Every structure is written in C-alpha cells, then in structure tokens.
Amino acid sequence: MVFGKVFTEGRSDAIRAAEAALPEGGRVLEVGVGTGISLPHYQRSTRLVAVDLSDAMLDKARARKARLELDNVEDIQVMDAEAMRFEDDSFEVVMAQYIITSCPNPERALDEFVRVAKPGGDIIITTRIGANLGLRGRIEKFLMPLTTKLGFRTEFPYTRYENWAKMNGRVELVENTSLPPLGHFSMLRYRKLAE
C-alpha cells in the first residue's frame, strides 16, 4: 500500500532496462518478487521466473498471476536469494528490486545473481544507497537500529557495491542511475563478463 507507490517509477525504469537488455527468447529472473506487484508491468512477451523467501507473499503473487492471466510468468518459487537452486548461467537478466539491503549477507546474494546470469547477461538492482556522510549520513546511522528490526538497512554506502564488484571480478558496472524519490535510490546495472 505504501511502498508500491513510492517505488513505482524506479520499478518501471528497472523493468524497461531489463526488457531492453533481453534477447529474443531470453528470460528474466526476478529475485525478491514479494507479492508480485511488478509482474503486470512486464510486457506479455517477456518470459519471467520469480522467487522470494516468503511463501505467504508468493501466494499473493500466484493469485495476481492467475487473476491477471500472466501466462508469461513461467514459475514462482520459494527460494533464498543467497542460495538459489538454479543451474549456473540460466538467465539472460537477473532483477532484484529493493531487496539487497534486507538480505542478511548482501554480497552472497549478489554473487548468486552473477552465478545464475548468463555470460554477457545483465544484473539489474534497484537499491537504496546510503549517504555515509553529512546530516543524512548521521540520520541513517541513528535510524539503523530501528530499520534493521523492520528488515532493511538505511546505512548501505555505494562503496559496498564497488568493493563487491572488485572482489567478485566477473562483472562490470554499465549503469548507475539515480531514482526517485529524491534520489535516495539507484538503479545499478552490471554485466556479467564473458568467460
């Protein structure tokens, strides 16, 4: 009810980027799909697989798929972003919208996204980027105990993504775009390097 509206524009931008990167016949994996709020915004020609850790949320996604007759959604499964059961190199695009800061081990989830993406495929992440400095940075640090209990981190600097990409060594950053509201969020688009 609240976050659906707040993230509408960012979600739309990410879906457009995913579909632009998708070769004909390719598939998108959306990790952390939740209640499936994003599913109807994909083109009906876009083949999708969706996963989330919460089966109760996925029940709502399954109901949305059935109600809206989203035949392009091939599968909806319970799965942990940090330990997915897909084969290596399975998807042309891996999408994760607003979930990285809620993962217990974000770098492990990011490594999994790279593992299941095909070489040359895109990994698209919409995420909150922490300020780290100034008044906003101090406020984020102050709110961290509360937001952690709610399941996400306010303090998550961009340097964490930079360090992860260097350590992983199998991706290159191809886009870093500021998203609304107020530029507190970003869309990061990585490409998996060809082996």
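**Charges and a helix face**

Modeller: We begin with R108, which counts as partly exposed because its relative accessibility is 47%. Keep in mind that this is a predicted model.

Biologist: Which side chain does R108 meet in a salt bridge?

Modeller: The general idea is that side chains of opposite charge can pair when their charged atoms come close. Here the side chain of R108 meets that of E82, at 3.8 Å from N to O. R108 sits in helix α4 (residues 106–116) and E82 in the loop between β3 (73–78) and β4 (91–97), so the pair ties together parts that are 26 residues apart in sequence. E82 counts as buried, with 10% relative accessibility.

Biologist: How many salt bridges are there by this rule?

Modeller: The count comes to 14. Another of them joins D122 and R189, whose closest N and O atoms are 2.8 Å apart. D122 belongs to strand β5 (residues 117–128) and R189 to strand β7 (residues 185–192), so this pair ties together parts that are 67 residues apart in sequence. D122 is buried at 2% relative accessibility, and R189 is buried at 16%.

Biologist: Which residues are joined with D122 and R189 into one network?

Modeller: E175 and R191 are joined with D122 and R189 through salt bridges that share partners.

Biologist: What is the closest N and O distance in the salt bridge between D55 and R62?

Modeller: The closest N and O atoms of D55 and R62 are 3.1 Å apart. D55 counts as partly exposed at 39% relative accessibility, and R62 counts as partly exposed at 30%.

Biologist: What about E19: is it buried or exposed?

Modeller: E19 is buried, yet it has no salt bridge. The nearest side chain of opposite charge is R16, 8.0 Å away; a salt bridge needs the nitrogen and the carboxyl oxygen within 4 Å. E19 is placed in helix α2 (residues 8–21).

Biologist: Which side chain makes a polar contact with that of E19?

Modeller: The side chain of T46 does, at 2.7 Å. Leaving aside residues up to four places away in sequence, E19 touches Y42, Q43 and T46.

Biologist: Now the helices. Which residues of α3 are buried?

Modeller: First the general idea: an α-helix has 3.6 residues a turn, so residues three or four places apart point the same way. In α3, the buried residues are L58, A61 and R64. Seen down the axis of α3, its buried residues fall within an arc of 110 degrees, so they line one face of the helix. They pack against β2 (47–52) and β3.

Biologist: Which exposed residues does the face of α3 turned away from its buried side carry?

Modeller: That face carries A56, K60, A66 and R67.

Biologist: How far apart are the end C-alpha atoms of α3?

Modeller: They are 18 Å apart, which agrees with the 18 Å that the 13 residues of α3 (residues 55–67) should span at 1.5 Å a residue. After α3 comes E69, whose phi is positive, near 55 degrees.

Biologist: And the protein chain as a whole: how many helices and strands does it have?

Modeller: The secondary structure comes to 6 helices and 7 strands. Along the sequence, the pattern reads α-α-β-β-α-β-β-α-β-α-α-β-β. Of the 195 residues, 48% count as buried. Among contacts with a separation of 6 or more, residues 24 or more positions apart account for 66%.

Definitions and conventions: Residues numbered from 1 in each chain as written. Predicted model: local features only at pLDDT ≥ 70, side-chain atom pairs only at ≥ 80, totals over all residues. Heavy atoms only, no water. Helix = DSSP H or I, 4+ residues; strand = E, 2+ residues; numbered from the N terminus. Buried < 20%, exposed > 50% of the residue type's maximum accessible area, 1.4 Å probe, protein only. Lys, Arg positive; Asp, Glu negative; His and termini not counted. Polar contact = N/O pair within 3.5 Å; in protein donor to acceptor, adjacent residues only side chain to side chain. Contact = heavy atoms within 4.5 Å. Expected span 1.5 Å × (residues − 1). Arc of directions from axis to C-beta.
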